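Please load the model in your viewer and keep the selection panel at hand.

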Amino acid sequence: MIKLSRMADYAVVLMTQLARQPDALRTAGELAQSCGLPQPTVSKILKLLAHAELLVSYRGNKGGYLLARRAEGITMADVIGAVDGPIALTDCIGPDGLVCEIEALCPTRTNWQSINRAMVDALSSVSLAEMAVPHAAFAERTPVQALAE
């Protein structure tokens with residue numbers, strides 16, 4: 001099964017929550033409560049997102065987090081990459097360039113590279129703004145349509 005890490009999933013939830021009120025400065029505690037997530041986990045994810053320049057962090061009593069840019073300019077690939085690192089379906093196509101024991105004879109490596117590129121393209125075609133709208137509005141655009149664009 002291919003699935004996102006729990007942290008990446010939570011990051012999408014948090015970013016979506018922030019995108020729904022883009023001008024509201026939100027604290028980690030507020031976000032944790034509104035999303036039903038543990039505050040230490042939320043704090044850790046928010047720091048990763050700020051480090052990736054997807055969020056701006058303001059310190060102090062009236063501090064909190066804001067999106068670093070418009071939700072239309074942030075993709076799901078950006079959010080997932082900020083938490084999990086570069087998107088790679090197998091080790092041989094990751095940025096580490098790990099070599100497996102059958103790489104020299106592997107007939108599927110180039111195919112995996114094509115599949116990985118399609119996955120990254122699909123995630124790059126879905127903006128945070130799209131994720132922030134209710135499901136019914138987003139349901140009209142299928143993943144196949146996103147890949148075709």
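At what angle do the axes of helix 3 and helix 4 cross, and within what distance do they come? This is a predicted model, in which local features need pLDDT of at least 70 and side-chain atom pairs count only at pLDDT 80 or more, while totals for chains, interfaces and linings use all residues. Residues are numbered from 1 along each chain as its sequence is written, and side-chain values use heavy atoms, with hydrogens and water left out.

Select helix 3 (residues 39–51) together with helix 4 (76–84), where helices are DSSP runs of H or I with at least four residues and strands are runs of E with at least two, numbered from the N terminus. Their axes cross at roughly 115° and come within 9 Å, the axes being lines fitted to C-alpha atoms over the stretch in contact, with angles from 0 to 180 degrees between N-to-C directions. Next, show I45, L48 and L49 of helix 3 with V79, A82 and V83 of helix 4, which make the contact (heavy atoms within 4.5 Å).

Move on to T75, in the loop between strand 2 (64–67) and helix 4. T75 counts as buried at 15% relative accessibility, since buried means under 20% relative accessible area, exposed over 50% and partly exposed in between, with a 1.4 Å probe and protein chains only. Leaving aside residues up to four places away in sequence, T75 touches L123, S124, V126 and S127.

Finally, select E53, in the loop between helix 3 and strand 1 (55–58). E53 is exposed, with a relative accessible area of 59%, and its phi is near 65°, a positive value in a residue other than glycine. Most residues other than glycine have a negative phi.
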